[in-house]
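Please look over the model below before reading my points.

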Amino acid sequence: MKRILGIMMLALAVLVVPNAMASSKAGEDAKFRFGVKAGANVSNLMTADGSKLDFSNASLANFTGGVNIEWFFWKGFGVDAGVMYTAKGTEFKAGDDVLSDINTDIMGTNSVIKATIHYLEVPVNVKYKLSIKGLKEIIAPFVYVGPSFAFKLGEEVSLGDTNIKENEIDFNAVDVAFNVGLGVEIIKHLNVSAQYGWGLGTVVDDDFEILGQNLGKLDLKSGVWTVTVAWMY
């Protein structure tokens with residue numbers, strides 16, 4: 001955790017210093033701010049053609065949090081970027097179609113397999129904030145789009161309470177996604193937003209093996225709903 005926080009602070013410094021200098025030179029039209037952000041996401045893994053896997057309870061909820069900056073440079077348009085810890089993955093029950101070849105006497109029909117990939121994610125969005133005359137000091141809606149680059153920190157695969165990660169699945173080191181989101185700024189500091197991220201690359205493209213039984217080639221990408229709250233300074 002200390003390592004993750006250190007990386008976040010270093011990345012924030014890299015983002016903040018040049019943008020703060022640019023903001024001071026640009027004058028009144030350029031508005032630079034930084035803040036902290038936290039929230040939750042619900043992720044799923046999909047096959048490369050976009051269809052969901054045939055799992056029960058396939059969605060996996062996780063925490064996300066980190067630091068954020070925004071720089072508005074022209075008539076409500078700006079850049080929103082950050083450095084976030086996030087996790088993506090899926091969970092499913094033994095006995096689902098995808099696991100039909102596994103001996104349920106070994107695993108148990110109610111056993112839950114959960115795969116979680118931990119990332120350090122860097123989103124870079126183009127953002128537009130609408131200023132409504134008479135209301136902009138109280139509330140201002142916004143929308144944003146852009147890519148995010150998630151670098152793997154670690155991974156976990158468990159069967160119930162048992163870790164079965166070793167030699168089972170090897171997740172890729174980088175996951176690239178495209179995000180579309182909307183939100184609202186309240187009293188000029190509190191930002192509440194929701195977004196969906198489409199995985200552009202594969203999270204894993206490896207043989208799927210559990211308890212010594214090979215289930216064939218996996219070629220999966222992520223889809224993630226995220227809701228966050230940020231306080232901007």
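1. The lining of the largest cavity divides into 8 nonpolar, 13 polar and 6 charged residues. Here Ala, Val, Leu, Ile, Met, Phe, Trp, Tyr, Cys and Pro count as nonpolar, Asp, Glu, Lys and Arg as charged, and the others, Gly among them, as polar. The volume of this cavity is about 340 Å³. It has 27 lining residues, and those closest to its centre are Lys37, Pro123, Gln195, Thr226 and Thr228. The structure holds 2 cavities of 30 Å³ or more.

2. Some ground rules. This is a predicted model, in which local features need pLDDT of at least 70 and side-chain atom pairs count only at pLDDT 80 or more, while totals for chains, interfaces and linings use all residues. Residues are numbered from 1 along each chain as its sequence is written, and side-chain values use heavy atoms, with hydrogens and water left out.

3. What is a cavity, and what is a pocket? Both are found on a 1 Å grid over the protein atoms alone: a cavity is a set of points where a 1.4 Å probe fits but cannot get out, and a pocket is an open set with protein on both sides within 12 Å along at least five of seven lines. Lining residues have an atom within 4 Å of a point. Grid points are joined across faces, edges and corners, and a volume is the space filled by probe spheres set on the points.

4. Next, the overall layout. The protein has 2 helices and 11 strands. Both are DSSP runs numbered from the N terminus: helices are H or I with at least four residues, strands E with at least two. From the N terminus on, the order is α-β-β-β-α-β-β-β-β-β-β-β-β. Of the 233 residues, 43% are buried. Buried means under 20% relative accessible area, exposed over 50%, and partly exposed in between (1.4 Å probe, protein chains only).

5. Which strand gives the largest share of the lining of the largest cavity? That is β11, with 5 residues. Strand β11 covers residues 220-232. It is joined to β1 by 13 bridges, and the two run antiparallel. Another 9 bridges join β11 to β8 (residues 190-199), again antiparallel. Two strands pair if DSSP finds at least two bridges between them. Find Thr226 in β11: it is the bridge partner of Asn41, and Gln195 stands opposite Thr226 too.

6. Leu220 lies in β11 and is buried, at 4% relative accessibility. Its C-alpha atom is 8.4 Å from that of Gly201, 19 residues apart along the chain. Phe32 is in β1 and is also buried, with a relative accessible area of 18%. Phe32 and Tyr233 are 201 residues apart in sequence, yet 9.2 Å apart in space, C-alpha to C-alpha.

7. The largest pocket has a volume of about 590 Å³. Of its 19 lining residues, the closest to its centre are Lys31, Phe72, Lys129, Ser131 and Lys136. Elements giving two or more residues to this lining are β1 (31-47), β2 (60-74) and β4 (112-129). Strand β2 gives the most, with 4 residues. By class, the lining has 7 nonpolar, 2 polar and 10 charged residues.

8. On to the rings. The structure holds 8 aromatic pairs. One of them is Trp74 with Phe77, which is stacked: 5.9 Å centre to centre, 20 degrees between the planes. Rings of Phe, Tyr and Trp (its six-membered ring) pair if their centres lie within 6.5 Å; planes under 30 degrees apart count as stacked, over 60 as edge-to-face and the rest as tilted. Phe77 is partly exposed, at 34% relative accessible area. Ring pairs link Trp74, Phe77 and Tyr128 into a cluster.

9. Two lysines also deserve a look. The charged end of Lys88 sits over the ring of Tyr119, 5.3 Å from its centre. The rule: NZ of Lys or CZ of Arg is within 6 Å of the ring centre and within 35 degrees of the ring normal.

10. Last, check the backbone at Lys75. This residue is not a glycine, but has a positive phi of about 45 degrees. Lys75 is in the loop between β2 and β3 and is exposed, at 65% relative accessibility.
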